[in-house]
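Please keep the sequence and the model in view while reading.

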Amino acid sequence: MRILVLGGDGFCGWPSALHLAASGHDVTIVDSLVRRKIDDELGVHSLTPIHSPAERMTAWHEVSGERIEIVELDLARDYDPLAELLRTTRPDTVVHFAEQRAAPYSMKSPAHKRYTVDNNLNGTHNLLAAIVETGLDVHVVHLGTMGVYGYETVPVDLPEGYLTVSYPDRNGEMRSRDILYPTQPGSVYHLTKSLDQLLFQFYARNDGIRITDLHQGIVWGTQTDETARDPRLINRFDYDGDFGTVLNRFLVEAAVGHPLTVHGTGGQTRAFINIRDSIRCIRLAVESGSEVNGQVRVMNQMTETHRVADLAELVAALAGCEVATVSNPRKEADENQLAARNDLLLGLGLDPIRLDSELLSAEIEIARKYAERVDRNHIPCTSYWTEDRRNAAQEHDR
């Protein structure tokens with residue numbers, strides 16, 4: 001297949017692009033390289049050293065014999081170049097990672113909230129409008145988030161995107177229909193992913209665009225078979241309070257002897273997936289695009305759920321480090337229970353990687369290898385959802 005990977009220079013996009021290419025697909029990466037600029041803005045860089053796009057492409061050609069093209073383009077701004085790119089490449093599939101992905105970054109300030117909405121929604125809508133304009137039959141695979149469901153305790157396994165509801169009509173007869181599961185976004189980032197769903201629903205119904213929306217859990221891990229083939233191909237490993245996912249942050253803290261920072265009680269239950277499973281799910285979604293017709297296909301891209309406090313204790317036991325509770329910057333319940341279905345991806349052949357001590361130990365070793373690159377000042381989260389949360393953190397630190 002001819003595949004465009006939008007946002008293919010990022011944490012999930014880069015290993016996915018390599019995995020798709022290694023699986024025999026013709027891949028072109030499209031990226032504005034804004035994630036590298038955000039590193040400069042925040043004054044913190046990936047734990048692992050990330051090489052330039054040109055060096056990455058050269059390394060991939062040397063180890064694989066294949067070429068991946070890269071096009072620098074801002075999906076949210078460069079509509080005409082995007083439409084022209086679609087016309088010239090005529091992709092079978094567009095994999096859409098090109099959104100600002102961090103909840104804390106989206107809540108950092110009014111400017112960051114505005115940027116997240118502007119970038120994410122304009123980018124998604126530009127893609128959909130350009131597909132309609134070009135008249136191409138393109139399957140869109142979008143990386144969404146489990147966070148659209150919210151983190152309330154609900155005594156059901158969260159369904160894959162849709163909820164069947166029944167209601168009486170005006171004649172008293174019962175009707176039923178499938179609706180998008182009611183969203184409970186916990187940040188501006190999660191809000192944009194919730195609004196993406198409505199854009200997808202409209203363009204699938206109105207224009208017949210084939211769309212798969214992957215509601216992904218929190219990704220942990222760094223390397224994949226492809227990124228491990230050459231040091232120049234190494235994937236990002238974010239550990240800072242804005243972009244470091246919770247388990248990866250724990251792994252880095254363990255590697256450098258920093259107490260594991262558990263927000264609040266640590267009673268928050270989250271869905272998780274290993275980076276190797278994440279890229280496999282992307283490929284399974286891409287290669288099953290012929291099954292998508294009509295309704296947007298929603299799949300929960302997660303393999304297991306864990307309480308944050310339990311994860312911290314597991315890592316602490318492995319690394320012999322301490323756990324420290326800090327004030328929770330997020331406006332959320334102290335405790336929640338979460339369970340979700342992932343039948344569709346299992347049905348496509350996903351064999352989940354489970355979180356175990358051997359895999360965690362390997363990730364700690366990666367963190368130790370690059371420990372001199374850690375800036376401890378950037379480990380704590382300093383983005384607060386409300387002023388009340390900021391004030392509570394200041395009281396906690398006194």
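## Basis of the description

A salt bridge is taken here as a side-chain nitrogen of Lys or Arg within 4 Å of a carboxyl oxygen of Asp or Glu. The model is predicted, so local features need pLDDT of at least 70 and side-chain atom pairs count only at pLDDT 80 or more, whereas totals for chains, interfaces and linings use all residues. Residues are numbered from 1 along each chain as its sequence is written, and side-chain values use heavy atoms, with hydrogens and water left out.

## Salt bridges between separate elements

Searching the whole structure gives 26 salt bridges. Among them is the pair Glu133 and Arg87, whose closest N and O atoms are 2.7 Å apart. Because Glu133 belongs to helix α6 (residues 110-134) and Arg87 to helix α4 (residues 79-89), this pair ties together parts that are 46 residues apart in sequence; helices (H or I, at least four residues) and strands (E, at least two) are DSSP runs, numbered from the N terminus. Glu133 is partly exposed at a relative accessible area of 44%, and Arg87 is also partly exposed, at 36%, where buried means under 20% relative accessible area, exposed over 50% and partly exposed in between (1.4 Å probe, protein chains only).

Arg276 and Asp225 form another salt bridge, at 2.6 Å from N to O. This pair links distant parts of the chain, with Arg276 in helix α9 (residues 275-287) and Asp225 in the loop between β9 and α8, 51 residues apart. Arg276 is partly exposed at 24% relative accessibility, while Asp225 counts as exposed at 52%.

## A buried pair within a network

Asp39 and Arg236 also form a salt bridge, their closest N and O atoms lying 3.0 Å apart. Asp39 sits in helix α2 (residues 34-42) and Arg236 in the loop between β9 (218-220) and α8 (246-256), so the pair ties together parts that are 197 residues apart in sequence. Asp39 is buried at 6% relative accessibility, as is Arg236 at 3%. Through salt bridges that share partners, Arg35, Asp39, Arg101, Arg236 and Asp238 are joined into one network.

## The enclosed helix α8

Eleven of the eleven residues of α8 are buried, so this helix is largely enclosed by the rest of the structure. The buried residues, including Phe250, Arg249 and Glu253, belong to a set that packs against β9, β10 (260-263), β11 (269-274), α10 (308-319) and α12 (357-369). Just after α8, Gly257 adopts a positive phi of about 80°.

Key:
Contact = heavy atoms within 4.5 Å.
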